[in-house]
Amino acid sequence: MKLENRTLEDAQCLFDFLSEGDEGPETVDIVLAMGGQDLEVADTAAAAFFDKKAQWLICSGGFGKDTSTLFREEEAVLYGRRCLELGVPEDRLVLERSAANSGENFRFTQELLARRGHRHIGLLGGNWSCTQI
């Protein structure tokens, strides 16, 4: 019986983590949109850019294992184009075109962030990538 209760407690903890509805801070310096095959993330990134009054929107992504056969252009380019269509100013959009996975999204964007000294960063990705952070 203890094992079953512990399993239920663990399951509840995982459920609570995955279903958290925290909207985060009112404003952020940067929104980082992590690339992937779900191009609608760009729509969410643009909305977050405006809603959170961000100074910069960084679209990060090259060709990942799934997108290398799906797309002819890097994820960041596709996301960036969509963000421009949605009204994000070109001078506020930064493209990181090399990352092939979530770890590289962070690593390759780190230099950009370090130079700018930002503290509040909104992270955007598909549901699957959010569970990896």
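**Chatting through a predicted model**

Me: Start me off. What does the accessible surface come to, and what share belongs to carbon and sulfur atoms?
Reply: The accessible surface of the protein chain is about 8800 Å². Carbon and sulfur atoms hold 51% of that. Keep in mind that this model is predicted.

Me: OK. How many residues are in the chain, and what part is buried?
Reply: The protein chain has 133 residues. Buried residues make up 37% of them.

Me: New topic. How many helices and strands?
Reply: Five helices and four strands.

Me: In what order do they run?
Reply: From the N terminus on, the pattern is α-β-α-β-α-β-α-β-α.

Me: Switching to charges. Why would two side chains pair up at all?
Reply: Opposite charges can pair when the charged atoms of the side chains come close.

Me: How many salt bridges are there?
Reply: The count is five.

Me: Give me one. What does Asp43 pair with?
Reply: Asp43 forms a salt bridge with Arg82. Their closest N and O atoms are 2.8 Å apart. This pair links distant parts of the chain, 39 residues apart. Asp43 sits in helix α2 (residues 41-51), and Arg82 sits in helix α3 (residues 75-85).

Me: Which other residue does Arg82 meet in a salt bridge?
Reply: Glu85, at 3.2 Å from N to O. Both lie in helix α3, three residues apart. That is about one turn of the helix. Shared partners join Asp43, Arg82 and Glu85 into one network.

Me: Is Glu85 buried or exposed?
Reply: Glu85 is exposed, because its relative accessible area is 54% and the cut-off for exposed is over 50%.

Me: One more pair. What does Glu73 meet?
Reply: The side chain of Glu73 meets Arg81 in a salt bridge, 2.9 Å from N to O.

Me: How accessible are Glu73 and Arg81?
Reply: Glu73 has 30% relative accessibility, so Glu73 counts as partly exposed. Arg81 has a relative accessible area of 38%, so Arg81 is partly exposed.

Key. Residues numbered from 1 in each chain as written. Predicted model: local features only at pLDDT ≥ 70, side-chain atom pairs only at ≥ 80, totals over all residues. Heavy atoms only, no water. Helix = DSSP H or I, 4+ residues; strand = E, 2+ residues; numbered from the N terminus. Buried < 20%, exposed > 50% of the residue type's maximum accessible area, 1.4 Å probe, protein only. Areas by Shrake-Rupley, 256 points an atom, 1.4 Å probe, with all protein chains shown as cover. Salt bridge = Lys/Arg side-chain N within 4 Å of Asp/Glu carboxyl O.
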